[in-house]
Amino acid sequence: MRTPFRSSDIIKTIALASMIFDHAGYALVGISPMCQMLGRLAFPLFVHEIAVGMQRTSNRSRYAFRLLLLAVFSQPIYSIFLFRDPWVPYLNTIWTFFFAV
């Protein structure tokens, strides 16, 4: 029996596609207003899903810890992709989600 998609799955998929479109546009084309405009849709959708996740989780500290791990491990990738240096002091958006939780 196939389970139907939940609305949060659809929102996450739209946010992920928007983010990939933005990042791929930046990597392939450079700064493109169209890619940026479509990509900026991702952040509010992910914020919504983080809020829903916090509301539905049974253990908020474990949820926050998983966000922290994701932020720590994705930070060098973010820094290398944007700044070509893994030690740039600018934080990725997952840190924003972690601090908000």
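**Exercise 1. Overall architecture**

What percentage of the 101 residues in the chain do buried residues make up? Determine also the helix and strand content, the extent of the chain and its exposed area.

*Solution.* 

Step 1. The model is predicted: local features need pLDDT of at least 70, side-chain atom pairs count only at pLDDT 80 or more, and totals for chains, interfaces and linings use all residues. Residues are numbered from 1 along each chain as its sequence is written, and side-chain values use heavy atoms, with hydrogens and water left out.

Step 2. Apply the burial classes: buried means under 20% relative accessible area, exposed over 50%, and partly exposed in between, with a 1.4 Å probe and protein chains only. Buried residues make up 26% of the 101 residues.

Step 3. Assign secondary structure from DSSP runs, numbered from the N terminus (helices: H or I, at least four residues; strands: E, at least two). The chain has 5 helices and 0 strands, and its pattern along the sequence is α-α-α-α-α.

Step 4. Taken along the principal axes, the C-alpha atoms fill a box of roughly 40 × 30 × 25 Å.

Step 5. Compute the accessible area by the Shrake-Rupley method with a 1.4 Å probe; for residues, only the protein chains shown count as cover. The chain exposes about 7,600 Å², of which carbon and sulfur atoms supply 70%.

Step 6. Count contacts (heavy atoms within 4.5 Å). Among contacts with a separation of 6 or more, residues 24 or more positions apart account for 48%.

**Exercise 2. The largest pocket**

State the volume of the largest pocket and describe the lining of this pocket by element and by residue class.

*Solution.* 

Step 1. On a 1 Å grid over the protein atoms alone, a pocket is an open set of points with protein on both sides within 12 Å along at least five of seven lines, whereas a cavity is a set where a 1.4 Å probe fits but cannot get out; lining residues have an atom within 4 Å of a point. Grid points are joined across faces, edges and corners, and a volume is the space filled by probe spheres set on the points.

Step 2. The largest pocket has a volume of about 1,200 Å³. It is lined by 37 residues, of which Met19, His23, Phe46, Thr93 and Ile94 are the closest to the centre.

Step 3. Two or more lining residues come from each of helix H1 (7-28), helix H2 (33-39), helix H3 (42-56), helix H4 (60-83) and helix H5 (93-100). H4 gives the most, with 9 residues.

Step 4. Classify the lining: Ala, Val, Leu, Ile, Met, Phe, Trp, Tyr, Cys and Pro count as nonpolar, Asp, Glu, Lys and Arg as charged, and the others, Gly among them, as polar.

**Exercise 3. Aromatic pairs**

How many aromatic pairs does the structure hold, and what is the geometry of the pair formed by Phe43 and Phe97?

*Solution.* 

Step 1. A pair of aromatic rings is described by the distance of the centres and the angle of the planes. Rings of Phe, Tyr and Trp (its six-membered ring) pair if their centres lie within 6.5 Å; planes under 30 degrees apart count as stacked, over 60 as edge-to-face and the rest as tilted.

Step 2. The structure holds 7 aromatic pairs. Phe43 and Phe97 lie 5.5 Å apart, centre to centre, with 20° between the planes, and the pair is stacked.

Step 3. Phe43 in helix H3 and Phe97 in helix H5 are 54 residues apart, and their pair links distant parts of the chain. Phe43 counts as partly exposed because its relative accessibility is 37%, while Phe97, at 9%, is buried.

Step 4. Tyr78, Phe83 and Tyr90 are linked into a cluster by ring pairs.

**Exercise 4. Selected residues**

*Solution.* 

Step 1. Ser8 is found in helix H1. Its relative accessibility is 5%, so Ser8 counts as buried. Leaving aside neighbours within four places in sequence, Ser8 is in contact with Glu49 and Arg56.

Step 2. Most residues other than glycine have a negative phi. Arg84 has a positive phi of about 60° although it is not a glycine. Arg84 is placed in the loop between H4 and H5 and is exposed, with a relative accessible area of 69%.

Step 3. Ile20, in helix H1, is partly exposed at 48% relative accessible area.
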